[in-house]
Amino acid sequence: MAHQPTLFDTDLPPWELDAQSECRAAKVVFAEPPFGPFDYRVPDQLVDQVQPGVRVLVPLGKGNRQIVGYCVAVATVAQSPDALKPVLEVVDDEPLITAGLLKLLQWMSRYYLAPLGQVIEAAVPTGVRSQAGSRLVTVVSINEEKCADAALVASLPPKQQHVLAVLRQIQRPLSIDQLREAANCSAGPIQALRKNGFLTTAQQRIFRHDHAPLHPPRPTSVALSADQRIALNHILTALDTKEHHTILLHGVTGSGKTEVYMQAIEEVLRHGRQAIVLVPEISLTPQTRQRFVARFGNVAVLHSHLSDVDRHTQWRRIQAGEASVVIGPRSAIFAPTPHLGLIILDEEHENSFKQDTVPRYHARDVALHRAYLEGIPLVLGSATPSLESWKRAQDGAYRLASLPRRILNRPLPTVEIVDMRLPQVRFRKGVISRPLYEAVAEALNGDGQVILLLNRRGFATAIQCPACGHVVACPHCDLPLTHHRDGGKACCHYCDFQMPTPPVCPQCHHAEIHFGGVGTQRLEQEALYRFPGIQVARMDSDTMRRPGSHERVLQGFREGTTRILLGTQMIAKGLDFPNVLLVGVVNADTGLHFPDFRAAEKTFQMVTQVAGRTGRGDKPGRVIVQTCSPEHSAISAAVHHDYLSFARQELAHRQRFQFPPFGSLARIIFRGPEQRVVEQFAEATASKLESLTGLLAIEVRIIGPAICPLAKLRGNFRFHLLVQSEQPASINRLLQRAIAELKPPADVQFVWDIDPVDTL
């Protein structure tokens, strides 16, 4: 029987079928497992609001648990709308991150093998995500359709007409309190207008703008030395090209690098652009902040002591282009500058630019990639550049600018070595040698000030029984506890375990206990004993915990009331006090013999940097270095201020073993409560990596596994292995595949660190 055609065809036309097989979708990632990405359908009513960089509320899993994620892309996908779960709500009124910043974070996710959601969470401060300092309020605006009837408006009472006139004049929605104040009326007329439909209401987020008063910039004409002019021209030439270039500014301590930075920034600001200046947190002193604020006025200063509200306020100022200069530690590289023109990384060799938690990025490398994406210059400055940066400059990848002399041709300080192996240089008790004691006395008698560096906290670094030899150790880390005289406690500097310092041996109950090793507390006690009547201040993480303590100690030293400043490495950088006549390095060997291929480099940098704190005024400076390894290349090169010699020797040593900068390196750390289980998983991982190396046809060297130098921390046994290759892409491919396939036993964790700065 023939098919009977219907009067109206019920089949949809092809274009409508196409429309039903595709939809607008948002790609969403999460900061916790499962990390995604996942596609979600964008409902028609949210099409204008869903965009990359905003947070969205979406259903997840079989139970459709509602969770907030980050939208990283929006596109039309070839899927039926019914096949995707919908976006429920858009959390943010505007994107938290710009498109350019999102590209940078996506690169970080790929390079550091970290979930993109976690990378975004690390880049966007908590105060911004929580919208600290803001609140939702009801705002009113004119209902234009109702108010179009002029006769109707004219029939309103005079107070209500006045409210409408004021609101029309202001031309933006106002909260009821704001409108009451502007119209100088009670809430009655406003409520009547709302009730009768002349005003419409909506919810709007308002922000607190209680910025500190802005100081107008005070441009100062500082005459540059010939070396500084050449260095500045390198940067200005790079700026003129409007392309990405990296300039390594190698300048001895006191050579005027900061003034070169500032004049380069002035040039950037003249063209309406912004600058980011990254400095180690330890160097972000009030003196440094004030110097930039006084010079440029509208400066956003980011540091760890900011409250969430203040951090959010600064973020919004930067985002709006109100702050022309951003200065801060490593996280400031994510500042949402809309008109970025220059990035400066001061003390680029500093290890604090490396983050030790996911995504374990190095700010220097992130700054390099951001400058590349933005097409702008990057300036790396240091008196002791990292060997990675130095090698790139030698190979021509970076431009090298040198400041080989101090400003005003002031001489570099004379450096003297005290060989602590010789009994005649030591007092019977104490850590200050006879030559150092005499040098301190001479500096104090000459109305000068003294800096003493000892990179160990506490009073005694070991508590030991002289009878049975028992060492009081941390039960969670299996490391000696450090005796702190304040409060009479023994502390672990790795897991913060504390216990009262035992008066007798816990093992054999011998009545005496021996305190071995020297920390900053004992050095402080010795300085007070040897130099009575002299005010001494100590700077370490124990004394600097309270807000403002850092500023108070430095202010006392600046005013001259404090004559001796002693402490850990936080006093080695960023301090500029012209009256410092002597620097004493109490023990240059503290990190020299660590099982870490960077140990010599770190020692050279620390000694050179702290030596640079003296001789910055009219009087010459002097440095005393106490060491038991005077013949070591790092010590001897630092004594002669000879970076070139040290770099040449150390690079030759690194090349023999293909360590960075002659190859790329990744480290995998395994940890868990059962030593044998951890070791077995580490060995299985090494075998897996070896087999994948052949499968992927890449040249990679696997070193280990071995027990970590810090074998037990926080109750977990630790093993590690190293992955070496000439090509970072090979390491990336290998680890990406291995991470996806490795399944650790219960209670065993493994973490990976790309480009580690230590191997402890």
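This is a predicted model: local features need pLDDT of at least 70, side-chain atom pairs count only at pLDDT 80 or more; totals for chains, interfaces and linings use all residues.
Biologist: How many Å apart are the mean positions of the positive and negative charges of the chain?
Modeller: The chain carries 81 positive and 74 negative charges.

Biologist: How many helices and strands does the chain have, and what box do its C-alpha atoms fill?
Modeller: The secondary structure comes to 23 helices and 30 strands. Taken along the principal axes, the box around the C-alpha atoms is roughly 110 × 75 × 60 Å.

Biologist: What share of the contacts in the chain with a separation of 6 or more joins residues 24 or more positions apart?
Modeller: Contact here means heavy atoms within 4.5 Å. Among the contacts with a separation of 6 or more, residues 24 or more positions apart account for 74%.

Biologist: What percentage of the accessible surface belongs to carbon and sulfur atoms?
Modeller: The accessible surface of the chain comes to about 35700 Å². Of that surface, the part belonging to carbon and sulfur atoms is 51%.

Biologist: Are helices α7 and α8 roughly parallel or roughly perpendicular?
Modeller: Helix α7 spans residues 158-170 and helix α8 residues 176-183; their axes come within 10 Å and cross at roughly 105°. Angles of 65 to 115 degrees count as roughly perpendicular. Therefore α7 and α8 are roughly perpendicular.

Biologist: Which residues of α8 make the contact with α7?
Modeller: On the α7 side, the contact is made by His162, Val163, Val166, Leu167 and Ile170. The residues of α8 that meet them are Leu179, Ala182 and Ala183.

Biologist: Is Ser175 buried or exposed?
Modeller: Ser175 lies in strand β7, residues 174-175. Its relative accessible area is 10%, and the cut-off for buried is under 20%. Ser175 is therefore buried.

Biologist: Which residues is Ser175 in contact with, leaving aside its neighbours within four places in sequence?
Modeller: His483 is 308 residues from Ser175 along the chain, and their C-alpha atoms are separated by 59 Å. The contacts of Ser175, with those neighbours left aside, are Val137, Thr138 and Val139.

Biologist: Where is Glu322 found, and is Glu322 buried, partly exposed or exposed?
Modeller: Glu322 is found in the loop between α13 (308-319) and β12 (325-328).

Biologist: What distance separates the C-alpha atoms of Glu322 and Met539?
Modeller: The two residues are 217 residues apart along the chain. Their C-alpha atoms are separated by 35 Å.

How values were computed: Residues are numbered from 1 along each chain as its sequence is written. Side-chain values use heavy atoms; hydrogens and water are left out. Helices (H or I, at least four residues) and strands (E, at least two) are DSSP runs, numbered from the N terminus. Accessible areas come from the Shrake-Rupley method with a 1.4 Å probe; for residues, only the protein chains shown count as cover. Lys and Arg count as positive and Asp and Glu as negative; His and the chain ends are not counted. The place of a charge is taken as NZ of Lys, CZ of Arg, CG of Asp or CD of Glu. Axes are lines fitted to C-alpha atoms, for helices over the stretch in contact, and angles run from 0 to 180 degrees between N-to-C directions. Angles under 35 degrees count as roughly parallel, over 145 as roughly antiparallel, 65 to 115 as roughly perpendicular and the rest as oblique. Buried means under 20% relative accessible area, exposed over 50%, partly exposed in between (1.4 Å probe, protein chains only).
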